[in-house]
Amino acid sequence: MKALVYLALGKKALDERPKPEITSPTDAIVKITKTTICGTDLHILKGDVATCKPGRILGHEGVGIVDSVGAGVTVFKPGDHVLISCVSACGKCEYCRKQMFSHCTTGGWILGNSIDGTQAEFVRIPHADNSLYPIPAGADEEALVMLSDILPTGFECGVLNGKVQPGSTVAIVGSGPIGLAALLTAQFFSPAEIIMIDLDDNRLEVAKRFGATSTVNSKDGNAAEAVMKMTDKRGVDTAIEAVGIPATFELCEKIVAPGGHIANIGVHGTKVELHLETLWDRNISITTRLVDTVTIPMLFKTVRSHKIDPTLLITHRFKLDKILDAYETFAHAADTKALKVIIEA
């Protein structure tokens, strides 16, 4: 089969690989129909994810059709149309019983990380009964690809961890796909203000269309001052970090109000300074999280009822044999205006 393989730091290739086989009774083999590229894949190529070694097939999002199942799979059968969760969950370990699926002792975020992933024609899904979701006939596949990772990540790691409340003030630092997913789902809770911060005017324009009440271009280095002016020097109740670099986390530290919350989403590959000399008396909370995907069923319902439209995040489409072009487009979003790309296998 064709697969996108991480070769070395900064290097990748579309290669021929053997079709995966069932290695455990709880496995399923899924034929991929549509997948996508995540910012985390770019972090892997930069060397920010030490658990992902060269030779790995990348990708942890997608939808497809069950090709075969192990003897222990009871919920799915060949031919079933399924959504793939980016997190694999056994459903039995200590962490799964706490719904911390991201820390499952035999699963978690392993797809496209410590085992081969979804940017291929076929993928092996461990713990299939707990890691796949049935797709009803007629559902929009492209919309559902956004439920594998990006929407639950923005919602769980940003909105829920950030304790967004009706009438609250929210700042989302980073208007890329994850930041925009947080923007879309934050509106479930009717905050009074959602301020989007980014270097890219195009993405800030998109954020306005998605429901941001105001935007700040941080290119001049004065974003903190701008946010404090907007909030009468109080700061924001929730600051969501959706980039994964030191400057954006430190910006969150500067703009959070007393009693507020900093919710980190970004994948950080280098150390970040925590300025306790200014935060020690501010009654703030700082949260980190890897998405658990526990909200996929709820988000599924909001998509089916048209309360939220994930296809707004899709800007480009490619065939699998053009996945290297897809990576170039996604990696140079400032020039291409890319958000999420759909790859058809």
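Guide: Contact here means heavy atoms within 4.5 Å, and helices (H or I, at least four residues) and strands (E, at least two) are DSSP runs, numbered from the N terminus. This is a predicted model, in which local features need pLDDT of at least 70 and side-chain atom pairs count only at pLDDT 80 or more, while totals for chains, interfaces and linings use all residues. Residues are numbered from 1 along each chain as its sequence is written, and side-chain values use heavy atoms, with hydrogens and water left out.

Visitor: What do the buried residues of α7 pack against?

Guide: They pack against α6 (177-186), β9 (193-198), β10 (214-217) and α13 (333-336). Buried means under 20% relative accessible area, exposed over 50%, and partly exposed in between (1.4 Å probe, protein chains only); in helix α7 (residues 201-210) the buried residues are R203, L204, V206, A207 and F210.

Visitor: Why are the buried residues of α7 said to line one face of the helix?

Guide: Seen down the axis of α7, they fall within an arc of 155 degrees, so they line one face; the arc is that of the directions from the helix axis to the C-beta atoms. In general, an α-helix has 3.6 residues a turn, so residues three or four places apart point the same way.

Visitor: What is found at the start of α7, and what follows the helix?

Guide: At the start, a side-chain oxygen of D200 reaches to within 2.8 Å of the backbone nitrogen of N202, which can be set against the limit for a polar contact (a pair of N or O atoms within 3.5 Å; within protein, one must be able to donate a hydrogen and the other to accept it, and residues adjacent in sequence count only if both atoms are side-chain atoms). After α7 comes G211, whose phi is positive, near 120 degrees.

Visitor: Why is α6 called largely enclosed?

Guide: Because 10 of the 10 residues of α6 are buried, the helix is largely enclosed by the rest of the structure. One of these buried residues is L183, which touches I172, I194, M196, A207, F210, G211 and A212, not counting residues up to four places away in sequence.

Visitor: What makes a group of residues a nonpolar core, and how many residues has the largest one?

Guide: A nonpolar core is a set of buried Ala, Val, Leu, Ile, Met, Phe, Trp, Tyr and Cys residues joined through side-chain atoms within 4.5 Å. The largest has 53 residues, and those with the most contacts inside it are L83, I172, L180, L183 and M196. Its largest share, 7 residues, comes from α6.

Visitor: How do you know that R56 and D116 form a salt bridge?

Guide: The term requires a side-chain nitrogen of Lys or Arg within 4 Å of a carboxyl oxygen of Asp or Glu, and the closest N and O atoms of R56 and D116 are 2.9 Å apart. R56 lies in the loop between α1 and β4 (62-69) and D116 in the loop between α2 (94-97) and β6 (122-125), so the pair ties together parts that are 60 residues apart in sequence. D116 has a relative accessible area of 29%, so this residue counts as partly exposed.

Visitor: Which residue forms a salt bridge with K340, and are the two buried or exposed?

Guide: K340 pairs with E61, the closest N and O atoms being 3.4 Å apart. K340 is in strand β15 (residues 340-344) and E61 in the loop between α1 and β4, 279 residues apart, and both are buried.

Visitor: What is the nearest side chain of opposite charge to D41?

Guide: D41, in helix α1 (residues 39-46), is buried yet has no salt bridge, and the nearest such side chain, K340, is 6.9 Å away. For this count Lys and Arg are positive and Asp and Glu negative, while His and the chain ends are not counted.
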